[in-house]
Amino acid sequence: MSIDYNSEPIVSMTDIRKEFPGVKALSGITFNLYKGEIHCLVGENGAGKSTLMKILSGAYRPDGGEIFISGTSYKELTPHLSQKHGIGVIYQENHLIPTMTVAENVFVGIEKTGRFGFFDFKATIEAVKKEMKSLGIDIDPLCMVEKLSVSEQQFVKILKALVLNPQILIMDEPTSMFNVKDVDKVLDLTKRITAKGISIIYISHFLKEIVQIADRITVIRDGSVVNTYGNNDRNIDLDIVTMDMVGRPVDMFYKKDVSEIGDIILRVEELKLTKDAIPVSFELRSGEILGFAGMVGSGRTEIVRAITGADQYYSGRIIYKDKELSPGTPKDSIKAGIAHITEDRQKLGLMLFNSILENITLVGLSEKIKGFFVNVKKHPPLIAGVIDSLNIKTPSVFQEAGYLSGGNQQKVVLGKWLFAGADTYVFDEPTRGIDVNAKAEFYKIMSDLTKEGKSIIMISSDMPELISMSDRILVVQNGRINKEIKKEYITEENIIRSALGMENGNN
Ligand SMILES: Nc1ncnc2c1ncn2[C@@H]1O[C@H](COP(=O)(O)OP(=O)(O)OP(=O)(O)O)[C@@H](O)[C@H]1O
Ligand SMILES: [Mg+2]
(Lines give C-alpha, C1' and ligand atoms only; values in the text may rest on other atoms or scores of the structure.)
(Ligands and ions follow the chains in the order given, each with its own letter.)
Protein backbone atom coordinates (compact mmCIF):
# COMPACT_ATOMS: atom_id res chain seq x y z
CA MET A 1 0.00 0.00 0.00
CA SER A 2 1.36 3.41 -0.87
CA ILE A 3 1.37 5.95 1.90
CA ASP A 4 -0.09 9.39 1.37
CA TYR A 5 2.20 11.78 3.20
CA ASN A 6 0.04 14.72 2.10
CA SER A 7 -2.89 13.46 4.12
CA GLU A 8 -3.39 14.15 7.83
CA PRO A 9 -1.30 11.87 10.00
CA ILE A 10 -3.47 9.46 11.97
CA VAL A 11 -1.41 10.16 15.05
CA SER A 12 0.50 13.30 15.73
CA MET A 13 2.38 13.78 18.99
CA THR A 14 3.75 17.29 19.50
CA ASP A 15 6.33 18.54 21.99
CA ILE A 16 5.79 15.62 24.38
CA ARG A 17 7.61 15.95 27.68
CA LYS A 18 7.98 13.49 30.54
CA GLU A 19 10.10 13.45 33.66
CA PHE A 20 10.61 10.78 36.29
CA PRO A 21 12.34 11.50 39.61
CA GLY A 22 15.91 12.27 38.61
CA VAL A 23 15.37 11.41 34.92
CA LYS A 24 14.31 13.62 32.04
CA ALA A 25 12.92 10.84 29.85
CA LEU A 26 11.39 12.98 27.06
CA SER A 27 12.23 16.59 26.42
CA GLY A 28 9.84 17.77 23.71
CA ILE A 29 9.37 15.00 21.17
CA THR A 30 7.35 15.40 18.00
CA PHE A 31 6.32 12.25 16.19
CA ASN A 32 3.86 11.57 13.34
CA LEU A 33 2.37 8.39 11.96
CA TYR A 34 0.56 8.03 8.64
CA LYS A 35 -2.01 5.48 7.54
CA GLY A 36 -0.46 2.19 6.46
CA GLU A 37 3.03 3.27 7.42
CA ILE A 38 5.72 1.33 9.28
CA HIS A 39 7.50 3.98 11.28
CA CYS A 40 10.52 2.63 13.14
CA LEU A 41 11.83 4.15 16.31
CA VAL A 42 15.45 3.61 17.23
CA GLY A 43 17.79 4.88 19.92
CA GLU A 44 20.14 3.74 22.66
CA ASN A 45 18.94 1.96 25.78
CA GLY A 46 17.14 4.50 27.91
CA ALA A 47 16.67 7.00 25.05
CA GLY A 48 12.92 7.23 25.76
CA LYS A 49 11.36 4.99 23.09
CA SER A 50 9.18 2.89 25.40
CA THR A 51 8.19 5.94 27.43
CA LEU A 52 6.90 7.70 24.31
CA MET A 53 4.87 4.62 23.39
CA LYS A 54 3.50 4.29 26.91
CA ILE A 55 2.21 7.84 26.59
CA LEU A 56 0.50 6.95 23.33
CA SER A 57 -1.07 3.86 24.87
CA GLY A 58 -2.28 5.82 27.88
CA ALA A 59 -0.09 4.02 30.40
CA TYR A 60 1.86 7.18 31.27
CA ARG A 61 0.60 10.73 31.56
CA PRO A 62 2.83 13.28 29.82
CA ASP A 63 4.02 16.41 31.63
CA GLY A 64 3.42 18.50 28.51
CA GLY A 65 2.61 18.42 24.81
CA GLU A 66 -0.32 17.38 22.71
CA ILE A 67 -1.57 14.16 21.12
CA PHE A 68 -3.75 14.37 18.06
CA ILE A 69 -5.63 11.21 17.04
CA SER A 70 -8.27 10.86 14.36
CA GLY A 71 -9.25 14.49 14.47
CA THR A 72 -9.28 14.99 18.24
CA SER A 73 -6.63 16.64 20.37
CA TYR A 74 -5.72 15.37 23.83
CA LYS A 75 -3.43 16.50 26.62
CA GLU A 76 -3.21 12.93 27.83
CA LEU A 77 -4.72 9.53 27.06
CA THR A 78 -5.96 6.67 29.19
CA PRO A 79 -5.55 3.00 28.27
CA HIS A 80 -9.27 2.86 27.59
CA LEU A 81 -9.26 5.92 25.33
CA SER A 82 -6.21 4.74 23.50
CA GLN A 83 -7.81 1.37 22.85
CA LYS A 84 -10.99 3.06 21.70
CA HIS A 85 -8.92 4.84 19.04
CA GLY A 86 -7.66 1.46 17.89
CA ILE A 87 -4.17 1.56 19.38
CA GLY A 88 -2.81 -1.89 20.19
CA VAL A 89 0.47 -2.53 21.98
CA ILE A 90 2.92 -5.37 22.19
CA TYR A 91 5.04 -4.42 25.16
CA GLN A 92 8.71 -5.19 25.63
CA GLU A 93 7.91 -6.77 29.01
CA ASN A 94 6.13 -10.07 29.11
CA HIS A 95 2.59 -9.54 30.32
CA LEU A 96 1.27 -13.03 29.70
CA ILE A 97 -0.12 -15.23 32.45
CA PRO A 98 2.13 -18.31 32.51
CA THR A 99 -0.37 -20.66 34.13
CA MET A 100 -3.10 -20.00 31.58
CA THR A 101 -3.43 -21.45 28.10
CA VAL A 102 -2.59 -19.64 24.89
CA ALA A 103 -6.30 -19.15 24.09
CA GLU A 104 -7.11 -17.86 27.56
CA ASN A 105 -4.22 -15.42 27.39
CA VAL A 106 -5.28 -14.12 24.01
CA PHE A 107 -8.81 -13.45 25.14
CA VAL A 108 -8.29 -12.50 28.77
CA GLY A 109 -10.27 -9.32 29.37
CA ILE A 110 -12.25 -9.66 26.14
CA GLU A 111 -13.75 -13.10 26.63
CA LYS A 112 -16.24 -14.21 24.04
CA THR A 113 -19.48 -14.87 25.84
CA GLY A 114 -21.95 -17.47 24.66
CA ARG A 115 -25.70 -17.18 24.47
CA PHE A 116 -26.16 -17.43 28.22
CA GLY A 117 -23.48 -14.97 29.09
CA PHE A 118 -20.93 -17.63 30.03
CA PHE A 119 -17.41 -17.88 28.72
CA ASP A 120 -17.69 -19.72 25.42
CA PHE A 121 -14.71 -22.05 25.42
CA LYS A 122 -15.25 -23.58 22.01
CA ALA A 123 -15.76 -20.29 20.24
CA THR A 124 -12.57 -18.99 21.82
CA ILE A 125 -10.46 -21.91 20.64
CA GLU A 126 -11.90 -21.67 17.14
CA ALA A 127 -11.23 -17.94 16.98
CA VAL A 128 -7.63 -18.37 18.12
CA LYS A 129 -7.01 -21.18 15.65
CA LYS A 130 -8.39 -19.14 12.79
CA GLU A 131 -6.32 -16.10 13.64
CA MET A 132 -3.15 -18.21 13.96
CA LYS A 133 -3.73 -19.89 10.66
CA SER A 134 -4.10 -16.58 8.88
CA LEU A 135 -0.75 -15.52 10.35
CA GLY A 136 1.12 -18.74 9.73
CA ILE A 137 1.69 -19.39 13.44
CA ASP A 138 1.71 -22.97 14.62
CA ILE A 139 1.06 -23.17 18.36
CA ASP A 140 -1.47 -25.31 20.22
CA PRO A 141 -4.10 -22.89 21.63
CA LEU A 142 -4.58 -25.24 24.58
CA CYS A 143 -0.92 -25.27 25.55
CA MET A 144 -0.02 -23.62 28.83
CA VAL A 145 1.96 -20.43 28.17
CA GLU A 146 4.73 -21.41 30.60
CA LYS A 147 5.49 -24.41 28.39
CA LEU A 148 6.18 -22.24 25.34
CA SER A 149 9.56 -21.03 24.16
CA VAL A 150 10.29 -17.33 24.44
CA SER A 151 9.65 -16.74 20.77
CA GLU A 152 6.36 -18.64 20.87
CA GLN A 153 5.30 -16.47 23.79
CA GLN A 154 6.12 -13.46 21.70
CA PHE A 155 3.74 -14.69 18.98
CA VAL A 156 1.01 -15.07 21.59
CA LYS A 157 1.55 -11.45 22.57
CA ILE A 158 1.25 -10.38 18.94
CA LEU A 159 -1.90 -12.44 18.55
CA LYS A 160 -3.39 -10.91 21.68
CA ALA A 161 -2.93 -7.43 20.25
CA LEU A 162 -4.26 -8.38 16.82
CA VAL A 163 -7.57 -9.91 17.93
CA LEU A 164 -8.63 -6.41 19.06
CA ASN A 165 -8.50 -5.26 15.41
CA PRO A 166 -6.16 -2.33 15.99
CA GLN A 167 -5.76 0.57 13.57
CA ILE A 168 -2.34 1.30 14.96
CA LEU A 169 -0.01 -1.34 16.31
CA ILE A 170 2.93 -0.54 18.56
CA MET A 171 5.58 -3.25 18.58
CA ASP A 172 8.24 -2.66 21.21
CA GLU A 173 11.20 -4.91 20.38
CA PRO A 174 9.09 -7.81 19.14
CA THR A 175 12.12 -9.78 18.02
CA SER A 176 14.60 -9.22 20.82
CA MET A 177 13.99 -12.73 22.15
CA PHE A 178 13.85 -14.38 18.75
CA ASN A 179 15.76 -16.80 16.65
CA VAL A 180 16.57 -15.91 13.07
CA LYS A 181 13.84 -17.95 11.42
CA ASP A 182 11.12 -16.48 13.61
CA VAL A 183 12.41 -12.97 13.04
CA ASP A 184 11.63 -13.32 9.35
CA LYS A 185 8.13 -14.44 10.26
CA VAL A 186 7.60 -11.30 12.30
CA LEU A 187 8.97 -9.05 9.56
CA ASP A 188 6.67 -10.77 7.11
CA LEU A 189 3.79 -10.29 9.52
CA THR A 190 4.35 -6.53 9.69
CA LYS A 191 3.96 -6.35 5.91
CA ARG A 192 0.74 -8.29 6.01
CA ILE A 193 -0.61 -6.07 8.75
CA THR A 194 0.16 -2.81 6.94
CA ALA A 195 -1.31 -4.21 3.74
CA LYS A 196 -4.65 -4.04 5.56
CA GLY A 197 -4.14 -0.30 6.09
CA ILE A 198 -3.01 -0.67 9.69
CA SER A 199 -0.07 1.50 10.76
CA ILE A 200 2.82 0.17 12.80
CA ILE A 201 5.28 1.79 15.15
CA TYR A 202 8.20 -0.61 15.40
CA ILE A 203 10.99 -0.40 17.96
CA SER A 204 14.11 -2.50 17.56
CA HIS A 205 17.86 -2.50 18.06
CA PHE A 206 18.38 -4.61 14.96
CA LEU A 207 18.99 -1.96 12.36
CA LYS A 208 19.29 -4.57 9.64
CA GLU A 209 15.70 -5.68 10.31
CA ILE A 210 14.47 -2.16 10.45
CA VAL A 211 15.88 -1.20 7.12
CA GLN A 212 13.99 -4.07 5.51
CA ILE A 213 10.56 -2.96 6.70
CA ALA A 214 10.65 0.72 7.60
CA ASP A 215 8.93 3.38 5.55
CA ARG A 216 10.46 5.97 7.84
CA ILE A 217 12.99 5.79 10.66
CA THR A 218 13.11 8.21 13.58
CA VAL A 219 16.17 8.30 15.80
CA ILE A 220 15.86 9.56 19.35
CA ARG A 221 18.68 10.30 21.71
CA ASP A 222 18.36 11.39 25.35
CA GLY A 223 14.67 12.11 25.01
CA SER A 224 14.83 14.20 21.82
CA VAL A 225 14.36 13.46 18.13
CA VAL A 226 17.69 13.63 16.31
CA ASN A 227 16.48 12.87 12.78
CA THR A 228 13.72 11.26 10.74
CA TYR A 229 14.72 9.46 7.57
CA GLY A 230 12.64 8.27 4.65
CA ASN A 231 13.56 4.78 3.55
CA ASN A 232 12.17 4.72 0.02
CA ASP A 233 14.74 2.50 -1.61
CA ARG A 234 15.48 0.54 1.57
CA ASN A 235 19.08 1.61 1.30
CA ILE A 236 19.50 4.01 4.16
CA ASP A 237 23.06 4.31 5.49
CA LEU A 238 23.08 2.47 8.83
CA ASP A 239 26.36 4.05 9.88
CA ILE A 240 24.64 7.43 9.86
CA VAL A 241 21.69 6.10 11.86
CA THR A 242 24.08 4.57 14.37
CA MET A 243 26.00 7.79 14.68
CA ASP A 244 22.75 9.65 15.33
CA MET A 245 21.88 7.18 18.05
CA VAL A 246 25.16 7.34 19.89
CA GLY A 247 26.24 10.86 19.04
CA ARG A 248 29.63 9.81 17.73
CA PRO A 249 31.05 7.22 15.33
CA VAL A 250 30.99 3.70 16.78
CA ASP A 251 33.27 0.89 15.88
CA MET A 252 30.74 -1.84 15.24
CA PHE A 253 33.31 -4.42 14.31
CA TYR A 254 34.95 -5.10 17.60
CA LYS A 255 37.32 -8.02 17.46
CA LYS A 256 38.45 -10.08 20.41
CA ASP A 257 42.03 -9.34 21.43
CA VAL A 258 44.47 -12.21 21.42
CA SER A 259 44.51 -14.02 24.74
CA GLU A 260 46.59 -16.88 25.94
CA ILE A 261 44.66 -20.12 25.64
CA GLY A 262 45.53 -22.20 28.69
CA ASP A 263 44.61 -25.54 30.23
CA ILE A 264 41.35 -27.38 29.99
CA ILE A 265 38.94 -26.08 32.61
CA LEU A 266 35.73 -27.81 31.57
CA ARG A 267 35.30 -31.27 30.11
CA VAL A 268 31.95 -32.51 28.87
CA GLU A 269 32.11 -36.27 28.41
CA GLU A 270 29.51 -38.25 26.49
CA LEU A 271 26.69 -36.01 27.61
CA LYS A 272 23.26 -37.33 26.67
CA LEU A 273 20.33 -35.07 27.40
CA THR A 274 17.81 -37.82 26.79
CA LYS A 275 17.98 -41.57 26.44
CA ASP A 276 18.03 -41.56 22.65
CA ALA A 277 20.22 -38.50 22.18
CA ILE A 278 23.55 -38.68 20.41
CA PRO A 279 26.25 -38.05 23.05
CA VAL A 280 28.04 -34.72 23.07
CA SER A 281 31.68 -34.28 24.12
CA PHE A 282 33.88 -31.21 24.10
CA GLU A 283 36.21 -29.21 26.29
CA LEU A 284 36.76 -25.57 27.13
CA ARG A 285 40.12 -24.00 27.96
CA SER A 286 40.93 -21.01 30.13
CA GLY A 287 41.28 -17.79 28.18
CA GLU A 288 39.08 -19.13 25.44
CA ILE A 289 35.79 -17.99 23.92
CA LEU A 290 33.95 -21.01 22.60
CA GLY A 291 31.07 -20.07 20.31
CA PHE A 292 27.99 -22.20 19.81
CA ALA A 293 26.35 -21.83 16.42
CA GLY A 294 23.23 -23.52 15.11
CA MET A 295 19.74 -23.04 13.78
CA VAL A 296 16.53 -22.50 15.74
CA GLY A 297 15.90 -25.36 18.12
CA SER A 298 19.20 -27.04 17.25
CA GLY A 299 19.76 -27.78 20.93
CA ARG A 300 22.45 -25.26 21.85
CA THR A 301 20.53 -23.84 24.79
CA GLU A 302 19.75 -27.33 26.11
CA ILE A 303 23.41 -28.36 26.07
CA VAL A 304 24.58 -25.35 28.04
CA ARG A 305 21.67 -25.63 30.45
CA ALA A 306 22.91 -29.08 31.38
CA ILE A 307 26.39 -27.70 32.04
CA THR A 308 25.18 -24.94 34.33
CA GLY A 309 22.89 -27.26 36.24
CA ALA A 310 19.76 -25.46 35.02
CA ASP A 311 18.37 -28.75 33.68
CA GLN A 312 18.83 -32.44 34.39
CA TYR A 313 20.36 -34.76 31.81
CA TYR A 314 20.22 -38.46 31.08
CA SER A 315 23.84 -39.58 31.24
CA GLY A 316 27.46 -38.50 30.86
CA ARG A 317 29.85 -36.48 32.98
CA ILE A 318 30.59 -32.79 33.31
CA ILE A 319 33.97 -32.15 34.84
CA TYR A 320 34.91 -28.66 35.94
CA LYS A 321 38.33 -27.91 37.40
CA ASP A 322 38.89 -31.66 37.75
CA LYS A 323 35.73 -32.19 39.81
CA GLU A 324 32.53 -33.72 38.58
CA LEU A 325 29.52 -31.41 38.84
CA SER A 326 26.34 -32.89 40.23
CA PRO A 327 23.64 -32.91 37.56
CA GLY A 328 20.77 -30.43 37.74
CA THR A 329 22.22 -28.42 40.62
CA PRO A 330 22.72 -24.77 39.65
CA LYS A 331 24.10 -23.93 43.10
CA ASP A 332 26.89 -26.40 42.56
CA SER A 333 27.89 -24.80 39.28
CA ILE A 334 27.75 -21.28 40.66
CA LYS A 335 29.91 -22.30 43.61
CA ALA A 336 32.41 -23.92 41.30
CA GLY A 337 32.64 -20.62 39.42
CA ILE A 338 30.28 -20.90 36.47
CA ALA A 339 27.99 -17.97 35.67
CA HIS A 340 24.97 -18.47 33.43
CA ILE A 341 23.31 -15.60 31.65
CA THR A 342 20.16 -17.11 30.25
CA GLU A 343 18.24 -16.38 27.09
CA ASP A 344 15.13 -15.16 28.87
CA ARG A 345 16.70 -12.58 31.11
CA GLN A 346 13.61 -10.78 32.28
CA LYS A 347 12.05 -13.86 33.73
CA LEU A 348 15.10 -15.54 35.16
CA GLY A 349 17.67 -12.96 36.00
CA LEU A 350 16.25 -9.94 37.73
CA MET A 351 14.44 -8.95 40.94
CA LEU A 352 12.31 -6.11 39.61
CA PHE A 353 11.36 -4.68 43.01
CA ASN A 354 14.90 -4.56 44.30
CA SER A 355 17.48 -1.89 43.62
CA ILE A 356 20.17 -2.10 40.97
CA LEU A 357 22.68 -2.33 43.82
CA GLU A 358 20.95 -5.31 45.40
CA ASN A 359 20.58 -7.05 42.06
CA ILE A 360 24.20 -6.66 41.09
CA THR A 361 25.62 -7.69 44.44
CA LEU A 362 23.20 -10.58 44.96
CA VAL A 363 25.47 -13.43 43.93
CA GLY A 364 28.84 -11.80 44.46
CA LEU A 365 28.49 -10.65 48.03
CA SER A 366 27.03 -13.81 49.45
CA GLU A 367 30.02 -15.63 48.02
CA LYS A 368 32.62 -13.07 48.99
CA ILE A 369 31.45 -12.33 52.53
CA LYS A 370 30.04 -15.59 53.81
CA GLY A 371 28.13 -15.93 57.04
CA PHE A 372 27.95 -12.26 57.95
CA PHE A 373 25.06 -9.89 57.82
CA VAL A 374 25.72 -7.84 54.73
CA ASN A 375 24.78 -4.20 54.67
CA VAL A 376 24.31 -3.80 50.96
CA LYS A 377 23.93 -0.02 51.25
CA LYS A 378 27.63 0.25 52.01
CA HIS A 379 28.63 -1.15 48.66
CA PRO A 380 27.87 1.38 45.92
CA PRO A 381 31.57 2.10 45.29
CA LEU A 382 32.15 -1.59 44.69
CA ILE A 383 29.80 -1.69 41.76
CA ALA A 384 30.65 1.71 40.31
CA GLY A 385 33.01 0.03 37.87
CA VAL A 386 30.35 -2.35 36.62
CA ILE A 387 27.76 0.44 36.19
CA ASP A 388 30.32 2.51 34.36
CA SER A 389 31.65 -0.08 32.01
CA LEU A 390 28.18 -1.25 31.00
CA ASN A 391 26.97 2.34 30.84
CA ILE A 392 23.80 1.59 32.82
CA LYS A 393 21.54 4.62 32.58
CA THR A 394 20.04 5.41 35.97
CA PRO A 395 19.76 8.36 38.35
CA SER A 396 21.15 6.23 41.20
CA VAL A 397 22.19 2.70 42.12
CA PHE A 398 19.28 2.65 44.58
CA GLN A 399 16.75 2.82 41.73
CA GLU A 400 14.42 -0.19 41.54
CA ALA A 401 15.42 -2.39 38.62
CA GLY A 402 11.81 -2.40 37.39
CA TYR A 403 12.03 1.31 36.57
CA LEU A 404 14.92 0.87 34.19
CA SER A 405 14.48 0.72 30.44
CA GLY A 406 14.41 -2.80 28.95
CA GLY A 407 18.00 -2.76 27.72
CA ASN A 408 19.31 -1.34 30.96
CA GLN A 409 17.61 -4.16 32.87
CA GLN A 410 19.55 -6.61 30.76
CA LYS A 411 22.76 -4.80 31.51
CA VAL A 412 22.04 -5.20 35.23
CA VAL A 413 21.79 -8.98 34.80
CA LEU A 414 25.12 -9.01 33.00
CA GLY A 415 26.54 -6.75 35.71
CA LYS A 416 25.45 -9.14 38.42
CA TRP A 417 27.60 -11.90 37.00
CA LEU A 418 30.54 -9.67 36.18
CA PHE A 419 30.53 -8.56 39.80
CA ALA A 420 30.23 -12.13 40.99
CA GLY A 421 33.63 -12.73 39.43
CA ALA A 422 33.06 -16.16 37.92
CA ASP A 423 35.78 -18.17 36.21
CA THR A 424 33.60 -19.36 33.35
CA TYR A 425 30.78 -17.40 31.79
CA VAL A 426 28.00 -19.02 29.83
CA PHE A 427 26.21 -16.40 27.73
CA ASP A 428 23.04 -17.30 25.87
CA GLU A 429 22.31 -14.61 23.27
CA PRO A 430 24.01 -11.98 25.45
CA THR A 431 23.49 -8.86 23.35
CA ARG A 432 19.84 -9.11 22.34
CA GLY A 433 18.03 -5.85 23.01
CA ILE A 434 21.25 -4.07 23.92
CA ASP A 435 22.22 -0.99 21.92
CA VAL A 436 25.28 -0.79 19.66
CA ASN A 437 27.33 1.19 22.08
CA ALA A 438 26.74 -1.18 24.99
CA LYS A 439 27.43 -4.09 22.65
CA ALA A 440 30.89 -2.77 21.87
CA GLU A 441 31.50 -2.22 25.60
CA PHE A 442 30.33 -5.71 26.34
CA TYR A 443 32.68 -7.24 23.73
CA LYS A 444 35.54 -5.39 25.33
CA ILE A 445 34.56 -6.79 28.74
CA MET A 446 34.48 -10.30 27.28
CA SER A 447 37.86 -9.78 25.74
CA ASP A 448 39.31 -8.49 29.02
CA LEU A 449 37.89 -11.46 30.92
CA THR A 450 39.75 -13.88 28.68
CA LYS A 451 42.95 -11.95 29.21
CA GLU A 452 42.54 -12.65 32.93
CA GLY A 453 42.35 -16.34 32.05
CA LYS A 454 38.58 -16.63 32.35
CA SER A 455 36.72 -18.70 29.82
CA ILE A 456 33.49 -18.05 27.97
CA ILE A 457 30.87 -20.12 26.21
CA MET A 458 28.69 -18.00 23.98
CA ILE A 459 25.56 -19.00 22.15
CA SER A 460 24.69 -16.41 19.56
CA SER A 461 22.55 -16.09 16.48
CA ASP A 462 24.28 -12.85 15.65
CA MET A 463 26.71 -14.10 13.03
CA PRO A 464 29.15 -11.14 12.99
CA GLU A 465 29.32 -11.28 16.78
CA LEU A 466 29.98 -15.00 16.83
CA ILE A 467 32.63 -14.77 14.14
CA SER A 468 34.55 -11.82 15.55
CA MET A 469 34.51 -12.97 19.18
CA SER A 470 35.00 -16.76 19.09
CA ASP A 471 38.33 -18.58 19.29
CA ARG A 472 36.62 -21.74 18.24
CA ILE A 473 33.07 -22.59 17.18
CA LEU A 474 31.00 -25.71 17.73
CA VAL A 475 28.14 -26.03 15.30
CA VAL A 476 25.13 -27.80 16.77
CA GLN A 477 22.53 -29.57 14.67
CA ASN A 478 19.71 -31.75 15.99
CA GLY A 479 21.18 -31.83 19.47
CA ARG A 480 24.64 -32.97 18.44
CA ILE A 481 27.88 -31.25 17.60
CA ASN A 482 28.13 -31.42 13.86
CA LYS A 483 31.41 -29.66 13.46
CA GLU A 484 34.24 -27.97 15.28
CA ILE A 485 35.67 -24.94 13.51
CA LYS A 486 39.04 -23.54 14.58
CA LYS A 487 39.65 -19.81 14.52
CA GLU A 488 41.43 -19.63 11.18
CA TYR A 489 38.60 -21.48 9.43
CA ILE A 490 35.71 -19.53 10.91
CA THR A 491 33.63 -18.03 8.11
CA GLU A 492 29.91 -17.41 7.79
CA GLU A 493 29.65 -19.91 4.94
CA ASN A 494 31.47 -22.58 6.88
CA ILE A 495 29.14 -22.13 9.85
CA ILE A 496 25.94 -22.10 7.85
CA ARG A 497 26.86 -25.12 5.76
CA SER A 498 27.36 -27.27 8.81
CA ALA A 499 24.44 -25.78 10.73
CA LEU A 500 22.29 -27.00 7.86
CA GLY A 501 23.99 -30.39 7.94
CA MET A 502 25.66 -29.95 4.53
CA GLU A 503 29.01 -30.90 6.00
CA ASN A 504 30.45 -32.10 9.27
CA GLY A 505 33.74 -33.07 10.89
CA ASN A 506 36.45 -30.65 11.94
CA ASN A 507 38.51 -27.85 10.52
N1 LIG B 1 8.39 4.25 35.55
C2 LIG B 1 9.58 4.82 35.53
N3 LIG B 1 10.15 5.34 36.65
C4 LIG B 1 11.35 5.92 36.62
N5 LIG B 1 12.11 6.04 35.52
C6 LIG B 1 11.63 5.53 34.38
C7 LIG B 1 10.36 4.87 34.32
N8 LIG B 1 10.14 4.47 33.04
C9 LIG B 1 11.23 4.84 32.34
N10 LIG B 1 12.13 5.49 33.14
C11 LIG B 1 13.43 6.04 32.71
O12 LIG B 1 13.22 6.85 31.56
C13 LIG B 1 14.31 6.72 30.64
C14 LIG B 1 13.78 6.26 29.29
O15 LIG B 1 13.38 4.89 29.39
P16 LIG B 1 12.69 4.07 28.23
O17 LIG B 1 12.16 2.83 28.84
O18 LIG B 1 11.72 4.95 27.51
O19 LIG B 1 13.94 3.76 27.28
P20 LIG B 1 14.01 2.94 25.91
O21 LIG B 1 14.40 3.91 24.85
O22 LIG B 1 12.76 2.18 25.71
O23 LIG B 1 15.27 1.96 26.17
P24 LIG B 1 15.50 0.37 25.86
O25 LIG B 1 16.08 0.30 24.50
O26 LIG B 1 16.54 -0.01 26.86
O27 LIG B 1 14.22 -0.33 26.05
C28 LIG B 1 15.27 5.74 31.30
O29 LIG B 1 16.29 6.46 31.94
C30 LIG B 1 14.41 4.99 32.31
O31 LIG B 1 15.17 4.51 33.39
MG1 LIG C 1 12.29 0.16 25.81
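Start by selecting strand β13 (residues 289-294) and strand β19 (residues 472-477): five bridges join them, and they run parallel. Strands here are DSSP runs of E, at least two residues long, and helices are runs of H or I, at least four long, all numbered from the N terminus. Two strands pair if DSSP finds at least two bridges between them.

A word on the model before moving on. It is predicted, so local features need pLDDT of at least 70 and side-chain atom pairs pLDDT 80 or more, while totals for chains, interfaces and linings use all residues. Residues count from 1 along each chain as its sequence is written, chains are lettered from A and ligands numbered from 1 in the order written, and side-chain values use heavy atoms, without hydrogens and water.

**Stop 1: β19 and its partners**

Select Arg472. In β20, its bridge partner is Lys486. Now show all of β20 (residues 480-486): six bridges tie this strand to β19, and the two run antiparallel. Two residues sit between the strands of this hairpin, and Asn478 takes a positive phi near 45 degrees.

Are the residues of β19 buried or exposed? Six of its six residues are buried. Buried means under 20% relative accessible area, exposed over 50%, and partly exposed in between, with a 1.4 Å probe and protein chains only. Arg472, Leu474 and Val476 cover one side, Ile473, Val475 and Gln477 the other, and all are buried.

**Stop 2: ligand 1**

Select ligand 1 and show what surrounds it. There are 21 residues, and the closest are Gly46, Lys49, Thr51, Ser405 and Gly407. A residue belongs here if one of its heavy atoms lies within 4 Å.

Next, pick out some atom pairs. A side-chain N or O atom of Ser405 is 2.6 Å from an oxygen atom of ligand 1. A backbone N or O atom of Gly48 lies 2.9 Å from a ligand oxygen. Tyr60 places a polar side-chain atom 3.1 Å from a ligand nitrogen. Alone, ligand 1 exposes 640 Å², and the protein buries 94% of that. These areas come from the Shrake-Rupley method with a 1.4 Å probe.

Which elements give two or more residues to the shell? They are β2 (23-33), α1 (49-56) and α14 (406-420).

**Stop 3: Ser57**

Select Ser57, in the loop between α1 and β4 (64-69). Ser57 counts as buried because its relative accessibility is 6%.

Note on methods. A polar contact is a pair of N or O atoms within 3.5 Å; within protein, one must be able to donate a hydrogen and the other to accept it, and residues adjacent in sequence count only if both atoms are side-chain atoms.
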